[in-house]
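Here's a quick briefing to read alongside the model. Have the sequence and the 3D view open as you go.

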Amino acid sequence: MSEVVAGVDVGGTNTKVVLATPALEVIDRIDLPTPAHAGGAAIVTAALGAVTDLLDRHGASVTGVGVGAAGVVDASTGTVLVTGNSFTGWAGYGVTDAVTSALGVPATLDNDVNAFLLGEVAAGAVAGEPDVLGMTLGTGVGGALVLGGSLFAGPRGAAGEIGHVPGFGDAVCTCGQVGHLETIAGARGIADRYAERTGRRVTVREVADAARAGDPAAAAVFETAGWGLARAALLTAGILDVTTIVIGGGIARSWDLLEPAISAAIALEPPVSGAPIRLALSSLGSDAVALGAAAQVRDLVLGSAPAR
């Protein structure tokens, strides 16, 4: 087999490793538990063990390894800066130096939401689109921007953080501030809003099932989440003239509940440009972050995407 690229998605619970062709066709993948409390070296060693296993399985040689990681990272130095409490010894760890030292190939690091968007732009639901807002709906709401065909991080790395824009009520966000989009459209926020209405604390999946079964409180919570996501799309369209949105993450599995509410809210107040907003559901699913990381290192090594 010819040369390949590897992509790694380091989450607080699981790590996904994919092996892909330079055209980002997935050859194989491995999922493994993340040793999240064993320190940065252990996390990288576990991931690289999976990379090596895949390379041996397919008789391939790797040209680069891209890593997408939860938390705040410094992509220019390949270092993790800030993580949640699901990790120990990950913040401050030099990921790309460790990968290059172990395998002797170039490596890249970016946060998982940026990698998600890069994957969908390179090989997913918005393939080839030059200007896109990406949103991931998990415990919270992550955001990222591609402008003019390139990831736009902003001068302080916070561009696209639509989940922490205020104006969405008065609930306290996970970040400590009030009224952020995350408080109505993230998993924790949806569960909190349902508990406020009913006095019952259940999982987001149970809220979604209740909404499909006709529970008006559950339906209202998802309508509010859809309204918030529509506001995010309209803010982006108004400020940046970006009208393509790709949405992924666990909450996006309830697309049947979210999409009608988002579309209805947008229809009431369309962008001033008159351009239609395109809503796309992630097509790469759980591969998106790892494939986006692979795309990032592919572009570093090869300079541009190869012809298919």
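**A sheet and its helices**

Keep in mind that this is a predicted model. Two spots are worth a look: an open sheet of 5 strands with mixed pairing, and a place where helices α3 and α9 pack at an angle of about 80°.

**The sheet**
- Reading across, the strand order is β10-β9-β8-β11-β12.
- β10 (150-151) and β12 (278-281) sit at the edges, each pairing on one side only.
- Val146 has Leu151 in β10 as its bridge partner.

**Helices on the sheet**
- Helix α7 (residues 216-240) packs on the sheet and touches β8 (132-137), β9 and β11 (244-248).
- The direction of α7 makes about 155° with that of β8.
- Helix α8 (residues 255-268) also packs on the sheet, where it touches β8, β11 and β12.
- Take β12 as the reference for α8, and the two directions make about 170°.

**Where α3 meets α9**
- Helix α3 (residues 112-123) and helix α9 (residues 288-302) have their axes 6 Å apart.
- Their angle is about 80°, so α3 and α9 are roughly perpendicular to each other.
- On the α3 side, the contact is made by Asp112, Ala115, Phe116, Leu118, Gly119, Glu120 and Ala122.
- α9 brings in residues including Ala288, Val289, Leu291, Gln296 and Arg298.
- Sorted by class, this α3 and α9 contact has 9 nonpolar, 3 polar and 3 charged residues.

Methods: Residues numbered from 1 in each chain as written. Predicted model: local features only at pLDDT ≥ 70, side-chain atom pairs only at ≥ 80, totals over all residues. Heavy atoms only, no water. Pairing = 2+ DSSP bridges. Helix = DSSP H or I, 4+ residues; strand = E, 2+ residues; numbered from the N terminus. Contact = heavy atoms within 4.5 Å. Axes fitted to C-alpha atoms, helices over the stretch in contact; angles between N-to-C directions. Parallel < 35°, antiparallel > 145°, perpendicular 65-115°, else oblique. Nonpolar A, V, L, I, M, F, W, Y, C, P; charged D, E, K, R; others polar.
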